[in-house]
Amino acid sequence: FLYSLTMIRRLLNSLIFLLVTLAVTWQTVTVTRDWTLQNLHQQGSDELLQVITQLRSLLDEFRYLPFLIAQDTDVKELMQSSSLDKQEEVSLYLEQINLVAGSSSLFVLNSSGSAVAYSHWRDEQDFYLRSHQEQDYYIQALQGHRGRQFSVNSHNQKPAYFLSSPIYQGTQFTGAAVVRIELESLIQKLRSNGLVLLSDEQGTVFFSTSEF
């Protein structure tokens, strides 16, 4: 009988030890998991902030372009005239500026939102047929602001960032100067150790640090 009680005590002690060990192990796993998740979350936040900071800095390098074009004398004259010679002259000017600046394209819109001169005239000769009247970068310029807009090109499906500046003759709005930067050209300039995706409110991904 005493032997049986001794065995029972040993079994109970072993069971209690096992339960305590399991509890401590579970608590350790839980704490380690929570710490790992917090660490990953922090790393992801830091990575995203780094990419956004770099991207903003790269885009800011083009911010002067629309204003520069909007102040050009030939561009202002074009806004007052529909001369084909002046359109060709300004288009050549935009082509040269675009090559030097490294942007994707530059174009000038009239007060109705139609293109009257553009840097890529050799590749898209029908570009002047497209209306930009409903684009945010045109609407913002029409309202007297320096515009900006993320968009996915409907023709080549490439994400792009647009910057614009209003063109005035005195106090009269006569058009807008616009620069387009395709975001793919900026990816190779970014320093990122992981995959970072940027999307709009509808969930459309317009930028990624890697192919996916």
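**Ground rules.** I am working on a predicted model, where local features need pLDDT of at least 70, side-chain atom pairs count only at pLDDT 80 or more, and totals for chains, interfaces and linings use all residues. Residues are numbered from 1 along each chain as its sequence is written, and side-chain values use heavy atoms, with hydrogens and water left out.

**The sheet.** I took helices (H or I, at least four residues) and strands (E, at least two) as DSSP runs, numbered from the N terminus. Strands pair if DSSP finds at least two bridges between them. I found an open sheet of five strands, in the order E2-E1-E5-E4-E3, with antiparallel pairing. Strand E2 (115-118) and strand E3 (148-152) are the edges, each pairing on one side only. From one strand to the next I noted an average twist of 25°. I then checked E1 (residues 105-110) against E5 (residues 172-182): six bridges join these antiparallel strands.

**Helices on the sheet.** For angles I used axes fitted to C-alpha atoms, for helices over the stretch in contact, on a scale from 0 to 180 degrees between N-to-C directions. Contact means heavy atoms within 4.5 Å. Helix H3 (residues 73-80) lies across E1, E2, E4 (159-169) and E5, at about 75° to E4. Helix H4 (residues 84-101) also packs on the sheet, touching E1 and E2, and its direction makes about 50° with that of E2. I followed the two helices to each other: the axes of H3 and H4 come within 10 Å and cross at roughly 145°. Asp74, Val75, Glu77 and Leu78 of H3 meet Lys86, Gln87, Glu89, Val90 and Tyr93 of H4.

**Cores.** A nonpolar core is a set of buried Ala, Val, Leu, Ile, Met, Phe, Trp, Tyr and Cys residues joined through side-chain atoms within 4.5 Å. Buried means under 20% relative accessible area, exposed over 50%, partly exposed in between (1.4 Å probe, protein chains only). In the largest core, of 22 residues, Ile69, Leu94, Val108, Ile167 and Ile181 touch the most other members. A separate second core of 13 residues includes Phe107, Tyr138, Phe162 and Ala176.

**Serine 119.** Where is the place of serine 119? I found serine 119 in the loop between E2 and helix H5 (136-142). Serine 119 is buried, at 5% relative accessible area. Beyond its neighbours within four places in sequence, I listed contacts of serine 119 with Ser91, Leu94, Glu95, Asn98, Ser105 and Leu106.
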